[in-house]
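Have the structure open as you read.

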Amino acid sequence: MSVLLGCIADDFTGATDLASFLVQSGMKTVQLIGVPTEPVDLSGIDAVVIALKSRTLPSEVAIRQSLDALKWLKELNCEQYYFKYCSTFDSTAKGNIGPVTDALLDELEESFTIICPSLPINGRTVYKGNLFVNDELLSESGMRNHPLTPMTDANLLRVMASQSSGKVGLVPFEVVSQGAQSIKKAFTTLAKNHRYAVVDTVSNSDLEAIGEACANLKLITGGSGLSIGLAKNFQNKGLFKIRENSADLSKLTGTAVVLSGSCSVMTQKQVSQFQKHHPSKKIDPIEIASGKTKLDEFLTWFDQKRTAGAVMFFATDMPENIKQVQEELGVERASEIVEQFMANLVSALDKRGVTKFIVAGGETSGAVVKALNPSLLKIGHSIAPGVPLTEIVGNSPKLLALKSGNFGDEDFFEKALEMMK
Ligand code: ADP
C-alpha cells in the first residue's frame, strides 16, 4: 500500500501536532524534517508530514520550499495533499498562507480548496468566517500583539483575499451543521466561481463532517483538526484499514537521558519532581563560559551514573538566577552557551550509545534535534496533549520526547520514561 496523505506543515511543532492527530486517527505517520535529500523507506506508512520552517519567510522563499515539498510528495502519488498552518492563521501581511495555497493549487492543477484552521478543543473556532480564540475574536486576542505575525483582522475571508489571488467564499454554520452532504454540495456550488471556501466550524463533530466532505478534494488546507475525519475517507474508499497499532514504536533498551533547558514554571516543577528519584547534574552557563566546566566532566559523571537507568542534565533555573546569568553574559549569549553545550552533550551521548532522550524546551529541542540530525521521525502515542513520543528510525534507532515550555504535568519526565520502556 502506498502513502495516502502527503502533508506540508509551515513549522516543526505544527507538523508534530498534525502527525499526532493522524496517528490517533489510525494512520501510521512519519514526520520528515525538511525535504529529504536521500531516499527514505516509507513502507507501511500511510501519511507523511514534511516539516518546513516557512511561516515567516519571505513569500517567494516559502512558496519555493512548499513547492519543493509538494513535488517530492507527488512522487509518492498520494491520494490527497494537506497544507497545515496554525489554528490562529498565523501569517504576515503578505502571507504566507495565501501565496503558498495558490502555488500548491497551481502545481496540482486544481482550482478549489478549503480554508479550515479551527481546532475547537483548543478554543479555536470559526463563525461567519470570523476566527475566535476562546471567547475573543482573533484580532482582540493576544495574537494581535504577536511579534512576528500580528493578527489584526479576525475575518478569514478578508485576510485570505488580501494574501491570495482568488475569490474567497464561505460555507456558513447553517450549512455545516446539516452535515457532510450539505457541506459537499456547498463546496460544489462555491467551486464554480471561487478558489477558496472558508468553512465555519464550532465543534469536533463539525470537523468530522467537513473532513468527510473533503474526500474528493486533491488539496485541503487547515489546522491539525481538519485531519480527524480523513482516515475514515480512505477506509471508505477501500484504500486502507484504520490501524489499531498506528502509534507503535520500537522497543529500545538502555539508559534514558533527560535534558532540560526550559525555565518555564511547569518545567521547574518537572525537574524538581524527577530529581527526587534520579541522578541529576546542573549545567551552569557561567561556569561553561569561564571554561571551568568541561564536557568531559559531564561524560565521566554520566558513565558513573548510567546504571541508574535514567539521568537528568538541566540548565533550568529560577527567574532571578536566570536574570543574573543574562546580566553577566547577555541574553543571547547565555542561551547560545546552554544550547551549544546541550547539543555537544547529546552528540557525545549518542556516540556512547544512548537511545532515549527526553528534552524540555522549544529552543532546546531545536538544538538537540539539530545535533541528532534525523531525517525521519516516526510518531507514537501522546505523552501529554500535543507531545507525542517519537522515534528516529534508521541504522541506530532512538526514542525522542520533545516538549516545549509549559507542556505536560509535573510527572511528564517519568511518564515519558515509562512509555519508552
Ligand atoms: P521554553 O520552551 O520553555 O521557552 P526554550 O528551550 O525554548 O524553553 O528556551 C529556554 C532558553 O533559556 C534556552 O535558550 C536555554 O538555552 C536558555 N536557558 C536555559 N537555562 C538557562 C540558564 N540557567 N541561564 C540562562 N539561560 C538559560
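Strands here are DSSP runs of E with at least two residues, numbered from the N terminus. This is a predicted model, in which local features need pLDDT of at least 70 and side-chain atom pairs count only at pLDDT 80 or more, while totals for chains, interfaces and linings use all residues. Residues are numbered from 1 along each chain as its sequence is written, and side-chain values use heavy atoms, leaving out hydrogens and water.

S16 (residues 376-384) and S17 (residues 387-392) pair in the antiparallel sense over five bridges; to pair, two strands need at least two bridges found by DSSP. The two form a hairpin with two residues between them, and Gly386 in that turn has a positive phi of about 80°. S16 also pairs with S2 (residues 29-33), again in the antiparallel sense, over three bridges. There, Val30 stands opposite Lys378.

Now for the rings. A search of the whole structure finds nine aromatic pairs. The ring centres of Tyr85 and Phe89 are 5.2 Å apart and their planes lie at 80°, so this pair is edge-to-face. Rings of Phe, Tyr and Trp (its six-membered ring) pair if their centres lie within 6.5 Å; planes under 30 degrees apart count as stacked, over 60 as edge-to-face and the rest as tilted. Tyr85 and Phe89 are both buried (under 20% relative accessible area, with a 1.4 Å probe and protein chains only).

Elsewhere, ring pairs link Phe298, Trp301, Phe313 and Phe341 into a cluster. Lys281 lies over the face of Phe298, 4.8 Å from the ring centre; the cut-offs are NZ of Lys or CZ of Arg within 6 Å of the ring centre and within 35 degrees of the ring normal.

Note on methods:
Buried means under 20% relative accessible area, exposed over 50%, partly exposed in between (1.4 Å probe, protein chains only). Helices (H or I, at least four residues) and strands (E, at least two) are DSSP runs, numbered from the N terminus.
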